[in-house]
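I opened the file to look up strand pairing, helix packing, a few single residues and the aromatic pairs. These are my entries in the order I made them.

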Amino acid sequence: MVQRNYSKLSGLNLVLLLSSNYYIYHIQLMNRKEFIKQSSLVIGLATVGPTTLNFANHSVDVLGANDQIRIGAIGINGMGWTNTLSLLKIPNVELVAVCDVDQNIIHPKVDSIKGKLNTLDVYNDYRDLLNRNDIDVVVIGTPDHWHALMMIHSLQAGKHVYVEKPLGNSIGECDAMVKAQKKYQKVVQVGQWQRSQAHFNNALNFIDSGLLGNIRTVKVWCYQGWMRPASRVPNSEPPNGVDYQQWLGPAPRKAFNSSRFHFHFRWFWDYAGGLMTDWGVHLLDYALLGMKATQPKSIVGLGGHFAYPDLAQETPDTLTTLYEFDAFNLVWDSAMGIDLGSYGLDHGIAFIGNHGTLVLNRSGWKVIEEPNSINNVKLQLQSPLENGLDAHTKNFIGAIRNNSPDAVNCSVQEAAHIAILAQMGNISYQTDKKLFWNKEKMEFTDPDVNEKYFTTQYHNGYELPQIF
């Protein structure tokens, strides 16, 4: 057991389950006997007992019992840690436990916020964190292939959940996650934080005004010059302190390779879906919101390893996908290694209408008027008004305190809708086919594609729970 002295942050307990990844989110706990009974996880993994980090207590104002929220998080690497720090800004929130398969991640992160913690328990296996009965909320920031299991198990343990995007790593996982939230009726917020940023919604209001005229095409692009896969390297033993089998979880058992680990998991189908699911769920989300669209009629995805053919990757580093809707076309365009995308921006959404084009991204939105437009729609850049992530975590905590699952800005249902759209594009690329979507049956018209790609196959004794 390791003990360290830090000052106390506040009266709300935050428990972080750590998992080696780029993102982090909440997870909650239940009685171990009940959890094992409800869980369909049948693999036996070695359990590492918690390490407790004790911090100095200082006198603070504490809310009543009904106002205190205790949070547990899985994955505190990269964006996951950023999410944690955002939650810690909320009054009466205290970090009390973390869990990660990479023990090299834990102490540096904790050391960076000395003076803000009271007592912190450290776990290696997320199920042990879920077994605690003093956790209200779970934050899940693992690689994508873990999202479904951890979210469902957290709900079964009676916890509220903040889960990183994309919601699931397959269409079937997304469906199961929607059913689980509906059954257990806990508050679930998905980490598409742009839904809590005012300027995105102000742009939608302008689109609703009709001043752009008929919108026939929506272009969505993501050009990320700084992103590149890792170099191809031989397989090796996992680094000391890494529980690699726990990291793999339900993914196929393969030898450890550093080019597939930590940040680079997102370029391999076993764990994620490349830029399409990494950024696409943020940007495609607002494309559909702006058009009040649902499912497409057809999908065509074309791309390949054009930028980095010699680096370690399976997902395309360049991808163009065309979604056909009833009254407009939606174009997704992504590229690694390039920053100069459409309209000189590295990411964005363009609603192209008869009278003008509205261009929207994280830096703001503006309207470019058509030369012969009869409407005066030109509008200079409208900048963001607030920190979107902080607004998103506040919305989540507020929904919990008000016991209002429907009050979150990005529900499981909404996140599933857009994650499935992104999966459609990836599946078209993988099959090298133009795919057609049956809106009534919520599946592809090609039964062979449904059989192979609809639901991720689980391995190593893990099973996706059946929710009824």
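**Entry 1: β10 and β16.** I looked up Val-220 and found that its bridge partner in β16 is Ile-349. The two strands, β10 (residues 215–224) and β16 (residues 347–353), run antiparallel and are joined by seven bridges. I note here that the model is predicted.

**Entry 2: the sheet around them.** I asked in what order the strands of the open sheet come. I read the order as β19-β18-β17-β16-β10-β15-β14-β12-β20-β21, ten strands with mixed pairing. At the edges are β19 (379–382) and β21 (443–444), each of which pairs on one side only.

**Entry 3: β12 and its partners.** I followed β12 (residues 298–304) to both of its neighbours in the strand order. With β14 (residues 318–324) it pairs in the antiparallel sense, over seven bridges. In that pairing I found Val-300 opposite Leu-322 of β14. With β20 (residues 435–438) the direction is again antiparallel, and two bridges make the join. Ile-299 stands opposite Leu-435 there.

**Entry 4: helices on the sheet.** I then asked which strands helix α10 lies across. Helix α10 (residues 280–291) lies across β10, β14, β15 (329–336), β16 and β17 (356–361). I noted an angle of about 20° between α10 and β16. Helix α12 (residues 412–431) lies across β12, β14, β15, β20 and β21. Its angle to β12 is about 60°.

**Entry 5: Met-336.** I located Met-336 in strand β15. Leaving aside neighbours within four places in sequence, I listed its contacts as Gln-224, Met-227, Arg-228, Pro-229, Trp-267, Leu-275, Ala-307, Tyr-308 and Asp-317. For Pro-229 I also took the C-alpha to C-alpha distance to Met-336, which is 9.0 Å across a sequence separation of 107 residues.

**Entry 6: Asn-257.** I found Asn-257 in the loop between α8 (244–248) and α9 (274–278). Its relative accessible area is 7%, so it counts as buried despite sitting in a loop. I asked what its side chain reaches. One end point is the backbone oxygen of Val-233, at 2.7 Å. The side chain of Asn-257 also makes a polar contact with the side chain of Ser-259, at 2.5 Å. Beyond four places in sequence, Asn-257 is in contact with Val-233, Pro-234 and Asn-235.

**Entry 7: aromatic pairs.** I counted 16 aromatic pairs in the structure. I opened the pair of Tyr-162 and Phe-396, with ring centres 5.4 Å apart. The planes stand at 70°, and over 60 counts as edge-to-face, so I filed the pair under that heading. Tyr-162 is in strand β8 (residues 160–163) and Phe-396 in helix α11 (residues 388–401), 234 residues apart, which makes this a link between distant parts of the chain. Both ends are buried, Tyr-162 with a relative accessible area of 1% and Phe-396 with 0%.

Next I took Trp-247 and Phe-261, another edge-to-face pair, with 5.3 Å centre to centre and 65° between the planes. Trp-247 lies in helix α8 and Phe-261 in the loop between α8 and α9, so this pair ties together parts that are 14 residues apart in sequence. Both residues are buried. I also traced the cluster that ring pairs form from Tyr-244, Trp-247, Phe-256, Phe-261 and Tyr-271.

A separate item concerns a charge and a ring: Arg-266 lies over the face of Phe-263, 4.3 Å from the ring centre.

**Entry 8: β7.** I went back to strands and asked which residues of β7 (residues 137–140) are buried on each side. Val-137 and Val-139 are buried on one side, and Val-138 and Ile-140 on the other, so I recorded both faces as covered. Strand β4 (residues 71–74) pairs with β7 in the parallel sense, over two bridges. The bridge partner of Gly-72 in β7 is Val-138. Strand β8, which holds Tyr-162, is joined to β7 by four bridges, and these two strands run parallel. Ile-140 stands opposite Val-163 in β8.

Terms used:
Residues numbered from 1 in each chain as written. Predicted model: local features only at pLDDT ≥ 70, side-chain atom pairs only at ≥ 80, totals over all residues. Heavy atoms only, no water. Pairing = 2+ DSSP bridges. Contact = heavy atoms within 4.5 Å. Axes fitted to C-alpha atoms, helices over the stretch in contact; angles between N-to-C directions. Buried < 20%, exposed > 50% of the residue type's maximum accessible area, 1.4 Å probe, protein only. Polar contact = N/O pair within 3.5 Å; in protein donor to acceptor, adjacent residues only side chain to side chain. Phe/Tyr/Trp six-rings, centres within 6.5 Å; stacked < 30°, edge-to-face > 60°. Lys NZ or Arg CZ within 6 Å of the ring centre and 35° of its normal.
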